[in-house]
Amino acid sequence: MKTLDRAKIYRTALRVGAVSYSGGMLGEALLGWKLDPQVTLLSELAARDREHRRLFQALDLGAGSLFITAGMTQRSGGSKWLGSWLELFGAATIGDALSPLDYPISHDHLRPGHAQKDWTPSVSHTMHYVTTTVAGVAAAGICLEHWRIQRSAQVSDSLAARILRTCAGPAVGLLLLSETLTVLFPKLLPGVVQRVQTLAFSALCLDLAALDGAKPQT
């Protein structure tokens with residue numbers, strides 16, 4: 001594959017994938033916020049009992065496929081570590097879509113047979129936690145690669161832009177950790193934290209695409 005073709009495919013796939021990954025927030029707004037976004041995680045929008053679950057599944061499937069495409073093209077002509085993390089993140093995102101939750105977990109009254117104490121989650125429900133964990137680890141790896149790549153890139157940014165770009169990876173990584181903590185403590189508004197983290201991660205991926213054309217410092 002020619003370098004120009006690879007670079008164009010990589011940047012396009014990464015940009016469209018990042019936008020698709022955040023598309024669920026626009027979707028839930030257009031649908032009228034069926035679940036409280038302050039506490040509801042984005043994956044809950046595609047739970048088995050949700051009316052518009054196919055829309056959110058399609059967005060994740062599309063985003064995951066595009067991240068895998070970006071990873072494959074990056075591995076063939078750029079950072080192999082970044083390519084691997086992108087592929088893993090894409091695969092885990094597809095796994096999320098194909099293993100929907102049984103119900104929106106932040107709304108226990110919607111749990112199947114919620115009045116029963118001996119409810120057993122499905123295999124799909126359980127697997128969703130595995131794929132989500134893998135996606136989180138891969139996202140952290142992408143943040144680390146962004147931090148490394150921006151350090152060696154030669155760009156003509158302002159001082160403020162360079163500081164922002166330098167702090168982007170660690171900041172998104174901190175948001176990933178914060179999201180995990182808020183899930184354990186719902187009063188900390190896990191839905192809000194996750195949506196901020198998702199937007200920040202998408203912005204970081206857009207910046208990775210922009211950095212692809214930057215020359216390394218000598």
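Which element gives the largest share of the lining of the largest pocket? The largest share, 8 residues, comes from α4, and the sections below place this helix among the other features of the model.

## Basis of the model

The structure is a predicted model, in which local features need pLDDT of at least 70 and side-chain atom pairs count only at pLDDT 80 or more, while totals for chains, interfaces and linings use all residues. Residues are numbered from 1 along each chain as its sequence is written, and side-chain values use heavy atoms, with hydrogens and water left out.

## The largest pocket

The largest pocket has a volume of about 770 Å³. A pocket here is an open set of points, on a 1 Å grid over the protein atoms alone, with protein on both sides within 12 Å along at least five of seven lines, and its lining residues have an atom within 4 Å of a point. The volume is the space filled by probe spheres set on the points, which are joined across faces, edges and corners. The lining consists of 33 residues, and those nearest the centre of the pocket are S43, D96, T132, E179 and Q194. Two or more residues of this lining come from each of the helices α1 (3–30), α2 (53–77), α3 (80–98), α4 (123–152), α5 (159–184) and α6 (190–211); helices are DSSP runs (H or I, at least four residues), numbered from the N terminus.

By residue type, the lining of the largest pocket divides into 17 nonpolar, 13 polar and 3 charged residues. In this division Ala, Val, Leu, Ile, Met, Phe, Trp, Tyr, Cys and Pro count as nonpolar, Asp, Glu, Lys and Arg as charged, and the others, Gly among them, as polar.

## The cavity

A cavity is a set of grid points where a 1.4 Å probe fits but cannot get out, and the count comes to 1 cavity of 30 Å³ or more. About 30 Å³ of space lies in the largest cavity, whose lining is formed by S43, A46, D60, D96, A97, P100 and H128. These lining residues divide into 3 nonpolar, 2 polar and 2 charged. S43 and D96, which line the largest cavity, are also among the residues nearest the centre of the largest pocket.

## Salt bridges

The structure holds 8 salt bridges, each being a side-chain nitrogen of Lys or Arg within 4 Å of a carboxyl oxygen of Asp or Glu. In one of them, R48 pairs with D102, and the closest N and O atoms are 3.4 Å apart. Because R48 lies in the loop between α1 and α2 and D102 in the loop between α3 and α4, this pair ties together parts that are 54 residues apart in sequence. R48 is partly exposed, at a relative accessible area of 44%, whereas D102 is buried at 9%; buried means under 20% relative accessible area, exposed over 50%, and partly exposed in between, with a 1.4 Å probe and protein chains only.

A salt bridge also joins D207 to R165, with the closest N and O atoms 2.4 Å apart. This pair links distant parts of the chain, since D207 is in helix α6 and R165 in helix α5, 42 residues apart. D207 counts as buried at 18% relative accessibility, and R165 is buried as well, at 15%. R50 forms a salt bridge with D49, their closest N and O atoms being 3.2 Å apart, and D49 is partly exposed at 34%.

On the surface, L174, L177, L181, L184, F185 and L188 form a nonpolar patch with about 630 Å² of accessible area together. Such a patch is made of residues with over 30% relative accessible area and no salt bridge, with nonpolar side chains (Val, Leu, Ile, Met, Phe, Trp, Tyr) joined within 5 Å and like charges within 9 Å, and the areas come from the Shrake-Rupley method with a 1.4 Å probe, only the protein chains shown counting as cover for residues. L181 has its place in helix α5 and counts as partly exposed, at 43% relative accessibility.

V172 is likewise found in helix α5, but this residue is buried, with a relative accessible area of 3%. The C-alpha atoms of V172 and Q197 are separated by 6.4 Å, although the two residues are 25 residues apart along the chain.

## Two loop residues with positive phi

W33 is not a glycine, yet has a positive phi of about 50 degrees; this residue sits in the loop between α1 and α2 and is partly exposed at 44%. L189, also not a glycine, has a positive phi of about 60 degrees, lies in the loop between α5 and α6 and is partly exposed at 33%.
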